[in-house]
Amino acid sequence: MLNLDLNALELAKPKSENDSASVRQVSYGKLITPRQHLLLFSAEEWEYFLEEWGTFQKSKYHLVTRLGGANDYGVDIACFHTENGFSGSWENYQCKYYKGDPLAPGTAIPEIGKLLWHVYTGNLTKPKKYYFFSPKDCGPSLKKLLLDSDKLKNKLLEEWDSWCSKSITTTKEISLEGKFKEFVLCFDFSIFKYKPVNEVVEEYRETPYYPIKFGGGLKERPAPSKPPEVFQNNEARYIEQLHNAYADSKGIKQQDFQIDCFPDLTKHFIRQRESFYFAESLRTFARDSVPLGTFEDLQNDMFDGVIDTAEDEHENGLIKLKAVLSESKSVPLDSNGLFENIRVKDRYGICHQLANDDKLKWLEDDE
């Protein structure tokens with residue numbers, strides 16, 4: 001038998017033994033990086049990811065479309081600079097999906113050969129740029145070729161018979177000869193580039209899809225704008241409803257009400273406009289930060305939470321308004337992705353947005 005002091009071999013205490021646990025850690029464990037997320041995507045999710053990235057490159061592209069599949073002529077994601085489609089300036093993103101190794105010349109060059117053939121035969125126009133993009137990026141060998149267009153062209157010429165000739169179409173072998181070879185020799189190979197994964201992820205961070213794909217919370221919300229002194233068209237209806245509620249509380253006909261005659265109501269009115277613009281800024285923030293429908297869901301949840309209070313009997317319109325705003329503070333909104341960015345004024349402002357759309361009314365006969 002071995003003569004060992006087993007006590008001396010006891011495992012040391014884990015380094016994390018004295019750490020505290022946050023709610024996020026207990027609920028989700030350790031967050032993985034966006035690059036690690038990409039390796040979990042299916043091939044279709046990968047192409048949708050790139051399409052979502054492309055649709056938000058508004059300063060560069062007029063239209064982005066996904067063409068990957070049979071008879072795609074080697075075009076996965078086509079990004080058009082004009083409304084003229086392939087007749088105008090466009091770029092291609094060849095999003096090759098490989099979880100294992102980085103993209104190598106043996107995979108990329110046949111795709112280049114396919115594009116060359118279809119441009120030569122008139123099935124496509126020449127793109128302004130042609131980018132390769134893969135979850136594990138391009139390997140060193142391919143990067144070197146893409147950074148030296150002459151070497152890339154020479155490699156394609158050298159490997160045409162073994163890599164390209166039988167992969168372009170399923171009906172025939174394409175030989176590199178005659179006018180087609182002359183076309184290839186004159187072609188500008190500098191259009192072929194690679195797009196680093198980190199660069200695309202950082203650009204994707206600016207889309208509203210980023211948080212639901214990669215987590216990590218929302219970006220910082222900008223400070224809300226101050227209400228303009230002049231009433232805007234987009235706030236006409238809720239202001240009208242407010243003034244009618246004020247008139248009702250003072251026992252004055254709506255057409256005779258002048259808010260400047262009531263300092264207490266003037267202060268209240270200023271606060272309500274501030275709240276409305278708070279909520280409008282949240283709407284804008286949502287548009288740029290989360291998928292469409294998230295803010296509308298927030299409004300619907302608020303409506304569901306306050307409608308019973310709104311439908312109760314109240315002495316006058318102002319009392320009803322204040323009751324609804326008070327109730328809005330306790331409406332549970334924690335299931336919405338915007339929850340961590342919602343403040344009290346947003347809750348009040350969403351009620352005014354609902355009133356602006358006539359979904360809430362402070363007076364039943366207010367038309």
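I started with Phe49, which counts as buried because its relative accessibility is 0% (buried means under 20% relative accessible area, exposed over 50%, partly exposed in between, using a 1.4 Å probe and protein chains only).

Ground rules for my notes: this is a predicted model, where local features need pLDDT of at least 70, side-chain atom pairs count only at pLDDT 80 or more, and totals for chains, interfaces and linings use all residues. Residues are numbered from 1 along each chain as its sequence is written, and side-chain values use heavy atoms, with hydrogens and water left out.

**Phe49 and its helix**

I found Phe49 in helix H3 (helices are DSSP runs of H or I with at least four residues, strands are runs of E with at least two, and both are numbered from the N terminus). What does Phe49 touch, not counting residues up to four places away in sequence? I got Leu38, Phe41, Phe133, Val200, Tyr204, Lys213 and Phe214 (contact means heavy atoms within 4.5 Å).

Next I checked H3 itself. H3 has 13 residues and spans 19 Å from first C-alpha to last, close to the 18 Å expected (1.5 Å times one less than the number of residues). Its buried residues include Trp46, Leu50 and Trp53.

**H3 against H8**

I looked up how H3 (residues 43-55) packs on H8 (residues 197-204): the angle is about 60° and the axes are 9 Å apart (axes are lines fitted to C-alpha atoms, for helices over the stretch in contact, and angles run from 0 to 180 degrees between N-to-C directions). That makes H3 oblique to H8 (under 35 degrees is roughly parallel, over 145 roughly antiparallel, 65 to 115 roughly perpendicular, and the rest oblique). On the H3 side I noted Phe49, Leu50, Glu52 and Trp53, which meet Val200, Glu203 and Tyr204 in H8. By class, this contact has five nonpolar, no polar and two charged residues (Ala, Val, Leu, Ile, Met, Phe, Trp, Tyr, Cys and Pro count as nonpolar, Asp, Glu, Lys and Arg as charged, and the others, Gly among them, as polar).

**Phe86**

Where is Phe86? I found Phe86 in the loop between strand S2 (77-80) and strand S3 (90-95). Phe86 counts as partly exposed because its relative accessibility is 27%. Leaving aside neighbours within four places in sequence, I saw Phe86 in contact with Leu67, Ala78, Phe80, Leu124 and Thr125.

**H10 and H13**

Last, I checked H10 (residues 236-250) and H13 (residues 317-328), whose axes come within 6 Å and cross at roughly 125°. H10 and H13 are therefore oblique to each other.
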